[in-house]
Amino acid sequence: MNEATNAEQNQPGQPTLEEMIDAIAKTFIVAHVDDTDAHLAQALVYNAGRLAWRIREQGLTSIDQKSSVSDVVTEADKAAERFVATALATIRPNDGQLGEEGAARESVSGRYWVIDPVDGTYNFSSGSDYWCSALALVNGDPANPDEIILGAVHRPAMGYTWFGGKDFATTRDGADVAVKKDCAAAATSLVSYLHPRDMCNESVREAWLAVANQFATVRMLGAGSIDLSTIADGSWGAWMQHSVADWDWLPGKALVEAAGGVAKKIDAGGVTWCVAGNAQVVSEIEAALSAD
């Protein structure tokens with residue numbers, strides 16, 4: 001990527017950020033046009049993540065609120081999604097797209113690529129390294145897919161790429177990983193997120209507490225796809241969050257299931273919770289939510 005600063009990009013004769021992204025996408029397409037889905041997914045999240053990181057290093061100039069102060073979008077999110085969407089439109093023209101920042105393409109094949117260019121944008125925009133780029137490929141409507149073909153997540157700060165799916169055991173940087181086995185809630189950690197406003201909603205709060213009280217400790221880190229990736233590789237024990245968007249859920253769900261775990265949705269407290277972990281701990285979570 002050109003090392004021009006955002007100020008330089010705005011000078012007469014300098015390419016815009018969008019033009020630079022399109023040029024990067026064209027180069028990527030030439031190199032990856034014959035890739036398998038597995039190789040393509042990993043290459044896309046790797047390059048999207050590195051691109052977002054480099055834009056941040058040059059200095060973010062736009063941080064806009066969406067639904068709340070902590071739900072934000074930057075020019076890096078939009079640029080990384082533009083890169084992925086542009087590459088996929090040429091390399092997989094018959095596949096559909098659904099992106100957090102607005103990428104939308106109807107599917108001819110019945111398959112959809114679900115794109116989260118920067119997961120953990122509040123962390124990203126605050127200078128934290130706990131963020132990632134994530135991608136899933138599904139058959140059918142992303143809101144209720146017939147199957148999840150694969151998921152890929154890249155965390156630039158650590159250099160990690162997690163990959164897995166229905167025909168691929170989950171790996172981190174090519175090494176096989178697995179969820180924690182034979183581990184009860186009381187002996188492990190829950191990774192979660194609860195928005196401050198939910199703490200004032202008694203139904204939601206009590207459902208969350210019914211689960212959290214079962215665990216040895218709780219962590220809130222702010223990037224669901226990394227959370228789920230680290231459930232898949234056995235770093236953490238379980239994950240739980242409600243009202244999760246498809247792009248925040250599907251990549252990690254693919255990884256957890258391909259690592260021998262369980263990832264499912266459970267209705268409780270007036271919302272739908274996404275939960276993941278080994279079969280034992282997910283069963284305990286489900287029991288706690290049912291009893292609430």
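**Exercise 1. The cavity**

What volume does the largest cavity have? Determine also which residues line the largest cavity.

*Solution.* This is a predicted model, in which local features need pLDDT of at least 70 and side-chain atom pairs count only at pLDDT 80 or more, while totals for chains, interfaces and linings use all residues. Residues are numbered from 1 along each chain as its sequence is written, and side-chain values use heavy atoms, with hydrogens and water left out.

Step 1. On a 1 Å grid over the protein atoms alone, a cavity is a set of points where a 1.4 Å probe fits but cannot get out. Grid points are joined across faces, edges and corners, and a volume is the space filled by probe spheres set on the points.

Step 2. One cavity of 30 Å³ or more is counted, and the largest cavity has a volume of about 40 Å³.

Step 3. Lining residues have an atom within 4 Å of a point. Those of the largest cavity are L44, V45, A48, V84, I115, D116, P117, S133, A134 and L135. Two or more of the lining residues come from each of α3 (37-58), β5 (111-119) and β6 (132-139); helices (H or I, at least four residues) and strands (E, at least two) are DSSP runs, numbered from the N terminus.

**Exercise 2. The pocket**

Explain where the largest pocket lies relative to the two domains.

*Solution.* Step 1. A pocket is an open set of grid points with protein on both sides within 12 Å along at least five of seven lines. The largest pocket has a volume of about 880 Å³.

Step 2. Its lining comprises 34 residues, and S70, D71, Y193, Q241 and D248 lie nearest the centre.

Step 3. The domain assignment, automatic or from a database, gives domain 1 (17-176) and domain 2 (185-290). Because both domains give residues to the lining, the largest pocket lies between them.

Step 4. The centres of domain 1 and domain 2, taken over C-alpha atoms, are separated by 23 Å. The contact (heavy atoms within 4.5 Å) takes 35 residues from domain 1 and 24 residues from domain 2.

**Exercise 3. The whole protein**

State how much of the protein is buried.

*Solution.* Step 1. Buried means under 20% relative accessible area, with a 1.4 Å probe and protein chains only.

Step 2. By this criterion, 53% of the 292 residues are buried.

Notes. Buried < 20%, exposed > 50% of the residue type's maximum accessible area, 1.4 Å probe, protein only.
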